[in-house]
Amino acid sequence: MQVEKDCGGYVLVVDDEGELAEMMGAWVRSTGYEVVVKEDPREALLAVKQKKLEGVHLCAVLSDYNMPNMMGSELIDGILAESPGTKVAFVTGSNGQLLEDFAAKHQVLVIEKPDIFQPVIRFVEELRRNCKGV
Ligand SMILES: [Zn+2]
């Protein structure tokens with residue numbers, strides 16, 4: 001895949017299924033992005049705060065919704081507080097009103113498992129065209 005001018009940021013991938021998280025991380029990495037993969041949403045939020053201190057901007061988040069320790073919605077609330085305007089997609093087998101309402105309110109794309117490869121790649125390619133690096 002052709003790597004265009006890099007905005008210098010990274011993509012965060014969060015899923016409590018470690019193998020799936022690593023696989024998604026590899027897909028995103030193959031498009032040329034820096035990737036941080038976390039299985040625990042609490043660690044993911046800490047990583048976002050740490051990167052912000054280092055001055056590295058967060059381009060986007062691909063996150064599971066239903067996770068132990070912290071729901072995806074809570075994670076995204078925390079991330080958007082640190083980094084408003086970050087593009088977010090839930091990659092999830094969950095559905096329901098709470099998920100839909102949250103997604104609509106925060107303009108979160110919902111990618112439904114299990115057929116996630118194409119939508120994830122599309123999401124990242126769109127990001128590459130639109131990320132202004134702030
Ligand atoms: Zn970026």
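1. A residue counts as buried if 20 or more other C-beta atoms lie within 10 Å of its own, as exposed if 12 or fewer do, and as partly exposed in between, with C-beta atoms placed from the backbone. D64 is buried because it has 24 C-beta neighbours inside 10 Å.

2. A word on the model. This is a predicted model, in which local features need pLDDT of at least 70, side-chain atom pairs count only at pLDDT 80 or more, and totals for chains, interfaces and linings use all residues. Residues are numbered from 1 along each chain as its sequence is written.

3. Where does D64 lie? D64 sits in the loop between strand 3 (58-63) and helix 3 (72-82). Helices (H or I, at least four residues) and strands (E, at least two) are DSSP runs, numbered from the N terminus. UniProt, in an unreviewed entry, places the feature "modified residue: 4-aspartylphosphate" at D64. UniProt positions follow the numbering used here, feature names are shortened, and annotations may be inferred rather than shown by experiment.

4. Which residues does D64 contact, leaving aside its neighbours within four places in sequence? They are V14, D15, D16, G72, V91 and T92. Contact here means that the C-beta atoms of two residues, placed from the backbone, lie within 7 Å.

5. N69 belongs to that loop between strand 3 and helix 3 as well. N69 is not a glycine, yet its phi is positive, at about 75°. N69 counts as exposed because 12 other C-beta atoms lie within 10 Å.

6. Next, helix 1 (residues 18-30) and helix 5 (residues 117-130). Their axes come within 10 Å and cross at roughly 45°. The pair is therefore oblique. Axes are lines fitted to C-alpha atoms, for helices over the stretch in contact, and angles run from 0 to 180 degrees between N-to-C directions. Angles under 35 degrees count as roughly parallel, over 145 as roughly antiparallel, 65 to 115 as roughly perpendicular, and the rest as oblique.

7. By class, the contact has 7 nonpolar residues, no polar and no charged. Nonpolar covers Ala, Val, Leu, Ile, Met, Phe, Trp, Tyr, Cys and Pro; charged covers Asp, Glu, Lys and Arg; the others, Gly among them, are polar.

8. Helix 2 (residues 41-53) and helix 3 also have axes that come within 10 Å, crossing at roughly 5°. Helix 2 is therefore roughly parallel to helix 3. P41, A44, L45, V48, K49 and K52 of helix 2 meet L75, G78, I79 and E82 of helix 3. This contact divides into 6 nonpolar, 1 polar and 3 charged residues.

9. T31 is in the loop between helix 1 and strand 2 (34-38). T31 is partly exposed because it has 18 C-beta neighbours inside 10 Å. T31 and R128 are 97 residues apart in sequence, but 9.2 Å apart in space, C-alpha to C-alpha.

10. Two backbone details to check by eye. The peptide bond from K113 to P114 is cis, with omega near 5°. P114 lies in the loop between strand 5 (109-112) and helix 5. Q107, not a glycine, has a positive phi of about 55°. Q107 is in the loop between helix 4 (97-105) and strand 5. With 9 other C-beta atoms within 10 Å, Q107 is exposed.
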